[in-house]
Amino acid sequence: MKKGDTTCPRCGAGFRRLELSSKQGTEGEYHCPVCDTPLEVFDGHALVIYRLTIQPSIGTLKA
Ligand SMILES: [Zn+2]
């Protein structure tokens, strides 16, 4: 299992990223739940889980 931390480049939200290479994932994209910026494209070779750990401050949310 791989663990890592990712930060959304647009709004600054922080995520804990877990990759379970022993499990099959699904193809698709993960978008930041705060600002909808695509953070990663999944090819389905592993199960990837994102968990929001740091809420961005409201002041940084500008279009
Ligand atoms: Zn974001």
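This is a predicted model: local features need pLDDT of at least 70, side-chain atom pairs count only at pLDDT 80 or more; totals for chains, interfaces and linings use all residues.

By the definition used here, a residue is buried if 20 or more other C-beta atoms lie within 10 Å of its own, exposed if 12 or fewer, and partly exposed in between, with C-beta atoms placed from the backbone. Residues are numbered from 1 along each chain as its sequence is written.

Thr26 sits in the loop between strand 2 and strand 3, the latter covering 27-31. Strands here are DSSP runs of E, at least two residues long, and helices are runs of H or I of at least four, both numbered from the N terminus. Which residues does Thr26 touch, leaving aside those up to four places away in sequence? They are Phe42 and Gly44, where contact requires C-beta atoms, placed from the backbone, to lie within 7 Å. Between the C-alpha atoms of Thr26 and Asp43 the separation is 7.0 Å, although these residues are 17 apart along the chain.

Let me turn to the protein as a whole. Its secondary structure amounts to 0 helices and 5 strands. Along the principal axes, the C-alpha atoms fill a box of roughly 40 × 20 × 10 Å. Of the 63 residues, 8% are buried. Among contacts with a separation of 6 or more, 43% join residues 24 or more positions apart.

An open sheet is formed by 3 strands in the order 1-2-5, with antiparallel pairing; two strands pair if DSSP finds at least two bridges between them. At the edges are strand 1 (2-7) and strand 5 (47-54), each pairing on one side only. On average, neighbouring strands of this sheet are turned by 25° against each other, direction ignored; the axes are lines fitted to C-alpha atoms, and angles run from 0 to 180 degrees between N-to-C directions.

Finally, I come to strand 1 and its partner. Strand 1 pairs with strand 2 (residues 14-20) in the antiparallel sense over 6 bridges, and Gly4 has Arg17 in strand 2 as its bridge partner. The hairpin of these two strands has 6 residues between them, and there Gly12 takes a positive phi near 85°. Is strand 1 largely buried or in the open? Strand 1 lies largely in the open, because 0 of its 6 residues are buried.

Notes:
Two residues are in contact if their C-beta atoms, placed from the backbone, lie within 7 Å.
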